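Biologist: I have a protein model open and I'd like to learn how to read it. Could you walk me through some features?

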Amino acid sequence: MAASDRMVLGPLVGAIDQGTSSTRFLVFNAKTAELLSHHQVEIQQKFPKEGWVEQDPKEILKSVHECVERTCEKLQQLNIDITNIKAIGVSNQRETTVVWDKTTGEPLYNAIVWLDLRTQSTVERLLKRIPGKNKAFFKFRTGLPLSTYFSAVKLRWLLDNVEEIRQAVDDGRAMFGTIDSWLIWSLTGGKNGGVHCTDVTNASRTMLFNIHSLEWDPELCQFFDIPMEILPKVRSSSEIYGLMKICPSLKSGALTGVPISGCLGDQSAALVGQMCFQDGQAKNTYGTGCFLLCNTGQKSVFSEHGLLTTIAYKLGRDKPVCYALEGSVAIAGAVVRWLRDNLGIVKTSQEVEKLAAEAGTSYGCYFVPAFSGLYAPYWEPSARGIICGLTQFTNKNHIAFAALEAVCFQTREILDAINKDCGIPLNQLQVDGGMTNNKVLMQLQSDILCIPVVKPSMPETTALGAAMAAGAAEGVGIWSLNPGDLTAVTCERFEPQINPEESEFRYARWKKAVMKSMGWETSEAPSNGDTSIFCSLPLGFFIMSSMIMLIGAKYVSVISIVGLRTESTED
């Protein structure tokens, strides 16, 4: 096709959206924010042991290359000139931890996913070194509690348990990063000059980063015993990091030479994509987990109700950093996947909406999907998933309804916490993410919150936020972030349809179920499977005394019988 036949749309921006469940590449018109084309590839999650969640970093990278190439092919089929793609942004699942060899470009272990629970014993060991075993000891420096959720403890586990990583660190070959760092390093050349960097939003999720000085914190690195030389350089969320390089092994090079100029953790990207640039504006993203962020501007606000303080964005090297309060829920869309893959009650995720609609109610069934413990506002790793309120009448439709309702109840909990911390209740909730296509879920959410839920007609706000940051970067300058220049977004609105009393009743029942989910697990298993009664003195004493009483009773009964026989003989 001749170049003159191709459609001229002005500058375009691509966005890599690397999530827990899938990778996508999307291309937007920088002037209108219109989504022109995209491609998606599902990512495999591995569960080698109970509570362990891993992914293959090479599979993730390959999926990015595939999505880029396929999207470019689709654009060419639409007669759109791909040379108009002037910048690329990266949005990624946060906290997920990768360590690789900078001389070979090979990962030294699978990526440990943010949901992973293997580090609970690591957390408990670290807590013993903190005065009063206070999980919030580093809160005013990092905004985070000590938890299995964040990268520092995952990295500590890798250093403690993977000999290849320890050796690579000793040899000066190891590099650490969250998924954004792994992708940017690989896409900008890898072992042949790749750029090892991250942005402030991703760095703020490691527990190694001071959210006030915007630097890696030497004291935190010393506490976790992390060598600082393996950490990536921290940059703003909007600047040119490097240029895309061809990947001969994957036959990928359609966008060679295009700058990667935007980087945001997925929840920060969604905040930008929802254009929540004012203090008090909030959004809730429904993905594998569920994440409600409220912009607090240039002031870091510390929660008294179980929320995290995190960096929202820093849209340029010379631009101010903005902060957010965040409520994090581990399991949202993942519960639908669990119904599909583990229980097998549906064949596709879309069927859950149909089953829930047919039921119309859970009939008193409540589902607490605490598969990875409970995140905000409880931060309770001992919790595990439960389904309660079951009767002989309960069927798969009611369980599907209860699963969707659980996502909404968890959102209600973190919205209540944000309202308490901010002091000004939200009068509506802006939403995005894959689950927002489920209309039953969106209506349930409005009913349970008792406020309107507002969904943009273009739900790809995470990718849009990454594209906006990339297009606005100095040296690119094709996307204006001035409020007057931002494109108005059309929305679908869901209004509450039940009375507040019913909503409160159901919410109270849910809270009761949450309490029953706690305290199921401890990290300390009996050593060597020892089931000795002496493991517990009170129990051992009880059993031993009972045995003595039984033996004594038997002895007494024998004496009595002998005595009776003697008397009988004498008679």
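Predicted model: local features only at pLDDT ≥ 70, side-chain atom pairs only at ≥ 80, totals over all residues.

Biologist: Where is Cys 450, and what is its phi near?

Modeller: Look in the loop between helix 13 (439–449) and strand 22 (453–456). Phi of Cys 450 is near 65 degrees, which is positive even though this residue is something other than glycine. Met 275 is another non-glycine with a positive phi, about 60 degrees. You'll find Met 275 in the loop between helix 9 (266–273) and strand 15 (282–286).

Biologist: Is Met 275 buried or exposed?

Modeller: Buried, because its relative accessible area is 18% and the cut-off is under 20%.

Biologist: Next, aromatic rings. How do I describe two of them together?

Modeller: You give the distance of the centres and the angle of the planes. Searching the whole structure here turns up 26 aromatic pairs. In one of them, Phe 140 and Phe 302, the ring centres are 4.8 Å apart and the planes make 55 degrees, so we call the pair tilted. Phe 140 belongs to helix 3 (residues 139–142), while Phe 302 is in the loop between strand 16 (290–297) and strand 17 (308–313), so this pair ties together parts 162 residues apart in sequence. Phe 140 itself is exposed, at 55% relative accessible area.

Biologist: What kind of pair do Phe 223 and Phe 224 form?

Modeller: That one is edge-to-face, with 5.1 Å centre to centre and 90 degrees between the planes. Phe 223 is buried at 12% relative accessible area, and Phe 224 is buried too, at 0%.

Biologist: Now helices. Which residues of helix 5 are buried?

Modeller: In helix 5 (residues 163–171), look at Ile 165, Ala 168 and Val 169. Seen down the axis, the buried residues of helix 5 fall within an arc of 100 degrees, so they line one face of the helix. Their cover includes strand 6 (97–101), helix 4 (151–161) and strand 8 (174–178). After helix 5 comes Gly 172, with a positive phi near 75 degrees.

Biologist: What about peptide bonds? Which form does the one from Ala 376 to Pro 377 take, cis or trans?

Modeller: It is cis, with omega near 0 degrees. Pro 377 sits in the loop between strand 19 (366–368) and strand 20 (386–388).

Biologist: Last one: how should I look at a buried charge?

Modeller: Ask what its partners are. Asp 447, in helix 13, is buried yet has no salt bridge. The nearest side chain of opposite charge is Arg 506, 5.7 Å away, and a salt bridge needs the side-chain nitrogen within 4 Å of a carboxyl oxygen.

Biologist: And what does Asp 447 touch?

Modeller: Leaving out residues up to four places away in sequence, Asp 447 touches Glu 495, Pro 496, Gln 497, Ile 498 and Ser 503.

Terms used: Residues numbered from 1 in each chain as written. Heavy atoms only, no water. Phe/Tyr/Trp six-rings, centres within 6.5 Å; stacked < 30°, edge-to-face > 60°. Helix = DSSP H or I, 4+ residues; strand = E, 2+ residues; numbered from the N terminus. Buried < 20%, exposed > 50% of the residue type's maximum accessible area, 1.4 Å probe, protein only. Arc of directions from axis to C-beta. Contact = heavy atoms within 4.5 Å. Lys, Arg positive; Asp, Glu negative; His and termini not counted.
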